[in-house]
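Please look through the briefing below with the sequence and the structure side by side.

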Amino acid sequence: MFKTRYPIPGEPPGVLKPRPDAAEHAPVITLIEYDRAHLEEHTITNRDELVSCLDNPRITWINIDGLGDIDVLKTLGSQFNLHPLALEDVLATGQRPKLEQYDGYLFIIAQMLYLNEQKQMCGEQVSMFLGKNFLITLQEEGDFDVFEPVRARIRAANGAIRKQGADYLAYALLDSIVDHYYPVLESIGVSIDQIEDELVDAPKASPVGDLHRYKKTLTQIRRFIWPVRDLINAMLHEETGLVTKGTKVYLRDCYDHTVQLMDLVETYRDVLSGLMELYLSSVGIRTNEIMKVLTVISSIFIPLTFIVGVYGMNFAREVDGKKLPWNMPELYQPWGYVTVMLLMLALAVLQLVYFKRRRWL
Amino acid sequence: MFKTRYPIPGEPPGVLKPRPDAAEHAPVITLIEYDRAHLEEHTITNRDELVSCLDNPRITWINIDGLGDIDVLKTLGSQFNLHPLALEDVLATGQRPKLEQYDGYLFIIAQMLYLNEQKQMCGEQVSMFLGKNFLITLQEEGDFDVFEPVRARIRAANGAIRKQGADYLAYALLDSIVDHYYPVLESIGVSIDQIEDELVDAPKASPVGDLHRYKKTLTQIRRFIWPVRDLINAMLHEETGLVTKGTKVYLRDCYDHTVQLMDLVETYRDVLSGLMELYLSSVGIRTNEIMKVLTVISSIFIPLTFIVGVYGMNFAREVDGKKLPWNMPELYQPWGYVTVMLLMLALAVLQLVYFKRRRWL
Amino acid sequence: MFKTRYPIPGEPPGVLKPRPDAAEHAPVITLIEYDRAHLEEHTITNRDELVSCLDNPRITWINIDGLGDIDVLKTLGSQFNLHPLALEDVLATGQRPKLEQYDGYLFIIAQMLYLNEQKQMCGEQVSMFLGKNFLITLQEEGDFDVFEPVRARIRAANGAIRKQGADYLAYALLDSIVDHYYPVLESIGVSIDQIEDELVDAPKASPVGDLHRYKKTLTQIRRFIWPVRDLINAMLHEETGLVTKGTKVYLRDCYDHTVQLMDLVETYRDVLSGLMELYLSSVGIRTNEIMKVLTVISSIFIPLTFIVGVYGMNFAREVDGKKLPWNMPELYQPWGYVTVMLLMLALAVLQLVYFKRRRWL
Amino acid sequence: MFKTRYPIPGEPPGVLKPRPDAAEHAPVITLIEYDRAHLEEHTITNRDELVSCLDNPRITWINIDGLGDIDVLKTLGSQFNLHPLALEDVLATGQRPKLEQYDGYLFIIAQMLYLNEQKQMCGEQVSMFLGKNFLITLQEEGDFDVFEPVRARIRAANGAIRKQGADYLAYALLDSIVDHYYPVLESIGVSIDQIEDELVDAPKASPVGDLHRYKKTLTQIRRFIWPVRDLINAMLHEETGLVTKGTKVYLRDCYDHTVQLMDLVETYRDVLSGLMELYLSSVGIRTNEIMKVLTVISSIFIPLTFIVGVYGMNFAREVDGKKLPWNMPELYQPWGYVTVMLLMLALAVLQLVYFKRRRWL
Amino acid sequence: MFKTRYPIPGEPPGVLKPRPDAAEHAPVITLIEYDRAHLEEHTITNRDELVSCLDNPRITWINIDGLGDIDVLKTLGSQFNLHPLALEDVLATGQRPKLEQYDGYLFIIAQMLYLNEQKQMCGEQVSMFLGKNFLITLQEEGDFDVFEPVRARIRAANGAIRKQGADYLAYALLDSIVDHYYPVLESIGVSIDQIEDELVDAPKASPVGDLHRYKKTLTQIRRFIWPVRDLINAMLHEETGLVTKGTKVYLRDCYDHTVQLMDLVETYRDVLSGLMELYLSSVGIRTNEIMKVLTVISSIFIPLTFIVGVYGMNFAREVDGKKLPWNMPELYQPWGYVTVMLLMLALAVLQLVYFKRRRWL
């Protein structure tokens, strides 16, 4: 789901290296400039157009899909005074979400998580640079993103978002990222409910593998939500003035969502542990029941088989005309067979009564 | 028990959307206005009557049962200056209890939990807006609520509640919500005691499913009480002046109740874990006992069956008139049968002694 | 051991309600007034004698055994200005130990735990109101209390306690309550040691139930000691001046005892968990050994029984005078029987060697 | 290893009571007085010689081996103004290590732990009173102590210890106490390594008891080291001036040692838990293997035994001269025996193939 | 992997003792002096050349491979005013990473961890003394170190490192140490993935031992990374001025890496625990399946074997010419054999149906 790119030991810090799969991820750069009254949206093909908008009174949102061209990053870096370490983190995908304060801007890393059209879980790293009047967002791929509803709200002339600053835009994007975790978790929840129903019903196939896989997924999701909570908390308490008090009220709402998501993840993890325990204990209990059946049947029939074996022995009644009266006299009684059969029946009944008393039946 | 409504990803914040089941939950609005001397109580049918009582010297308590009409919420919002995010939270039921400070009022979300008349557990979200001289409470349904005793105390002319402000009313309602958790937990406690008694007696049916279900319920209850504790703690330490020092003494008492409830939940969870362990260990011990019985009976009779099988073989004593003296001479001894029977008896007794020594009997 | 009385939902706070078993617990009120030189001790039968001693220069200790008469509490409340919430807590027994500061006095709840004369564990709630020069203690029953040694120390003319204030008296009583936990824990420790010795020796009956019961008791004891520690810590750091610096040195000693008790409880809980694990693992190991015996005996004799069964078959050697030479020719060899017996012996020996090698014997 | 002496409930605090084994532990008092230039060392037999050295410019170290004579403690108490509660703690051995500040001195309790000459673990409580220019140490027994190397360093004329104050002496003794935990832990580590090697090799006897015992020992050691860490930390941050800045640099080193010891204890505890898990899982896996052998052999031979039993039945071919052709015709076929044998062989081979496929062989 | 050297109890602190393996680890001292413009690099063979460079305006990096010669340490100590306790820690390898502030320099201990050329994990302690313009690093062995890439960056004339101070050099080395943990953890991750794949496929050999070993390794790695995080955090917040604000931005990046490493270690530990659980549960489930096969086969054939045993009994039909009609009349019926066979078939089919219903087949 998420592929983490680890640093190469000994490399100097802040050096941008092209990624091995650079060719497949050529950047698509879109720029949206807006204020209350105006809205301008276009795609940038030549990276020289990325002139700094530090002094532009309007809000500028530059979105870059695809990290394949490091020159774009370098241009951004020089135009917006971005720190090389931050740019390096943009490339090193799969990172822990975090907020870092630099002079003049905040650097935010978050992890998008969404269900694609085939209802498969997909993840992607989103990096943001939030300045006074600009927001730069960088994504790994351009296939799909969770920002489309926000773009629609900007395009709507009367959207609240048009009256607010870049910090509110950053909030709206973060909120969209966070809210897209819900459907993912709900789809997991549905699967867990199915497993639970099957367990109560009759556990055909062992659900252990599935439970294990979902637990692993939830662990990873937790690893991404937990620091997002800290990140938003840090934004709530930052004091650079880049985030206004009005936006912080909204961020508090977003913070609540992360807490609720954490709750949800913990609940699902608890349920998974409970189901695992339930299933394993049911296996133990069933083994116990199988053993009872084996023991009851064996305990009844093994002694009986011994008895009939006794009367199948061939001890001779006569040797060379001499009678051997002590060899198996029972075999020569008129009621011998019936007596033995009744004795065996009595023995079986006694055993059944004993097993009944011990609650093995 | 509790159905959580998750945010729709990408939606703009603070937009009130009608709930899918709106039609079934038409709001019933009751208004109680009181001070030491006066008491006025009536139902509001036209939402225009919801004129702001910000300047009313008496305490106004507006209670709304049913969240089906979002226009009511919007009217409330504009009359009392309520923040759209707070109103959105009112609709998004199943939330984590929380306290939020807004200008001029506190916003409180709590979860009611009570046993209905069929002794089934029911839950409902309660939202409160606590202002200087007003309290607005919003509930999901009108069937039942835990506020009736508080209303009775208000109606009683000499009740302490009439001499106090809106903050004391909010305390009284919170206290009633918290105290209604006790009977719920006690009913769970009674069920757990029953399971424990059965376990000590003789575990007929597997109690694993029940234990698992109660554990899940307790986990959910804990998830609602824990933040209530924090909420009350936040009220104890808030500094807006909306909560007076006198009321805080009472809130401290309510806080103690939440701590006691947490204690109770933890105790029950411990007991459940202990019972689970107890039951599973007893299954293991019983499997061990069943194995002993099987092993003892098999170990005694399988060798004996072999012996009688030996003497059931048909090796010929004579072939074509020629004697074969080495084929099963035992069968032709006068005391052969008796000797074999005694030998088998001795073998069985020896085995019994051995098993007795190993404490398997 | 401890019966907790839960609040009735919706009741107004601070209203004293007679307990259902009030008749059996008529209060016995004793009053001790002392300073360095004087000592006066008498029983109060008429509650009007409970005149406030707020201005009495001597130390007044009012002890009330039995909470059956709520009028006594009300009189106390009005005479000593006690808060109704505190008096309500006095009646609601089984509470979490706690310290609450009110104007002019500290309110302390603790739980006595002692072995009665039949060496059974008994518990009782003790409430204390500590004022400048008075101490009021309230107990559930009058049968037994842990305060007798303190009374003896007061009666002794030269006891240190006579030279100190009411805070030292409160310390002395708390110290006695805390120290009475030791014999209780030691009696549990002795029982645990016995179980451990039996486990090492030979586990006759399953100790699981006992281990479970002791664990539950320890959990409850922990729930009472833990907050006592916090309570004493709060007394050490309170700043009302009701507790003098000199007494705090002694309270620090009492605090150490609670820490030591917690240590003891944790140690016992660890030992109990260890014994549980030890026992269950020994059950698993014994099951394994039983299985080995069953498997070895079955694996040796079942194939042998098959072989002798083969030679017990009745395939005919002659039909209608016609020889059938291929039907069981072994039976007609002179050494057939001996050969088969030796072969079976060899098979058994081979299996024994195999099992020996796999360490199953 | 450590015997804890619990307080007697209700006893007045700070009263020194002779210990039951007082006679066996008559105190041996040695006094060392030193500064850079001088060194005086002698044994005190008469307790009147214990004159206070509060004003002595040299460092005085009084070491008392054996707590049998409480008069010695009382004399010390009056000469050095020691608090009765501290003296009581000296007698109540087996206590939690702690640091207490009193006027003019620090009171330290620590627990020595060492391997005696028979490599057995021994423990002993050490109490210290550290004043401006004196140090009093009290030990339970005189047989062995961990202070000998420090005495040697004092006797060496050029030792650093001679140039330092009483606080450095206290550090040196604490450091010696802490460092003596290392060999004890190493001896446990060696034993654990042995158990691990045996487990990998072949688990002859069940190591569960040993693992359990070591875990218990480690728990107790942890209970003594953990508070020593806090104690040293408290010394590092105390502000009475009794511990100089120079000595604190050394105490920081000692603090590091306690952290390292805690690490070691935790590591060993983790390893013990891992070994327990490893052993128990290996028991489960072996039971599984034994079951496979039993099942394979039983599944193959029980049906075969049934088949041969069929042909051992005695259904008559002729009754009163009348042929019964449908009774067991197989027995009268020329190739009957061979066919049955081959069929059984085929059945056995099929089963073997099946078991092979299911990886049970 | 790491061999810890424990202190010798009772030794005076700060005394340097030659290590037992001193001869094998003769120190190799290299000195690099650089600033923006100049670079000088040479090996020191005579320890008198280690003249203090406290007043040298250039950055001096002294690297010592091999701790065999304590005179080198003593010379260093006197030339750079290093504290004897710090020098002692340099020799006592296998320590917990830590940062200590001394006058004029910071003392850092870290643990290198790398894969050598045979892909084996190797560990080595690195000690650093960071002064205003010098850095001294000391390693246990000279075979391999993780500093070579940093040396290369210094040698490159235009490297950023040449423009920075000694603190940046220390950062670069720490960063290299931290980053070398990644390949080690990745190699463990690859092994864990292999085990997981095998588990899903078919668990040939028991993976319990491997899982246990990896868990132990991860525990040890965690014990080294955790304090490195604290160490870097301490550097971020130190206030001596030895670490500049510019370098702290880079250290924050290094701090992020330690957090990510901790995440990775925790993830792997979780996965290991999950795999252990998965494997053990699969063993339990397989035992259950094996038991089912045994029980089904035994339950079907043991009763049948009993039946055929009955008709193998030799009860006589005639004694001395007298008919015994009640002895086994079934044997003499024309359709006796066929009836018995069909009855047995019916019994077997019934049992199969029963087992099918109970889902044992």
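Which residue in β6(A) stands opposite F107(A)? The residue opposite F107(A) in β6(A) is F129(A). This is a predicted model, in which local features need pLDDT of at least 70 and side-chain atom pairs count only at pLDDT 80 or more, while totals for chains, interfaces and linings use all residues. Residues are numbered from 1 along each chain as its sequence is written, and chains are lettered from A and ligands numbered from 1 in the order in which they are written.

**Chain A as a whole**

- Chain A has eight helices and nine strands, where helices (H or I, at least four residues) and strands (E, at least two) are DSSP runs numbered from the N terminus.
- The radius of gyration of chain A, taken over C-alpha atoms, is 37 Å, well over the 21 Å that the globule rule gives for 361 residues, so chain A is more spread out than a compact globule; the rule itself is 2.2 Å times the number of residues to the power 0.38.
- Along the principal axes, the C-alpha atoms of chain A fill a box of roughly 130 × 40 × 35 Å.
- Of the 361 residues of chain A, 39% count as buried, a word that requires 20 or more other C-beta atoms within 10 Å of the residue's own, whereas exposed requires 12 or fewer and partly exposed lies in between, with C-beta atoms placed from the backbone.

**The sheet of chain A**

- Seven strands of chain A form an open sheet with mixed pairing, in the order β2-β1-β3-β7-β6-β5-β4; two strands pair if DSSP finds at least two bridges between them.
- At the edges stand β2 (39-44) and β4 (98-102) of chain A, each with a single partner strand, so one side of each is left without a neighbour in the sheet.
- Within this sheet, β5 (residues 105-115) and β6 (residues 121-131) of chain A pair in the antiparallel sense over eleven bridges.
- Helix α5 (residues 181-201) of chain A packs on the sheet, touching β5 and β6 of chain A, and its direction makes about 35° with that of β5(A); such angles run from 0 to 180 degrees between N-to-C directions, with axes fitted to C-alpha atoms, for helices over the stretch in contact.

**Strand β6 of chain D and its partners**

- Strand β6 (residues 121-130) of chain D is mostly covered, since seven of its ten residues are buried.
- Ten bridges join β6(D) to β5 (residues 105-115) of chain D in an antiparallel arrangement, and M121(D) is the bridge partner of L115(D).
- The hairpin of β5(D) and β6(D) has five residues between the strands, and K119(D) in the turn has a positive phi of about 60°.
- On β7 (residues 134-139) of chain D, which runs antiparallel to β6(D) and is joined to it by five bridges, L135(D) stands opposite L130(D).

**Chains E and A together**

- The contact takes 56 residues from chain E and 45 residues from chain A, two residues being in contact if their C-beta atoms, placed from the backbone, lie within 7 Å.
- On the side of chain E that touches chain A, α7(E) gives the most, with 30 residues.
- Chain E can be laid on chain A with an RMSD of 0.2 Å by a turn of 72° and a shift of 0.1 Å along the axis, using a least-squares superposition on the C-alpha atoms of residues with pLDDT of at least 70 in both.
- The two copies are thus related as by a five-fold rotation axis.
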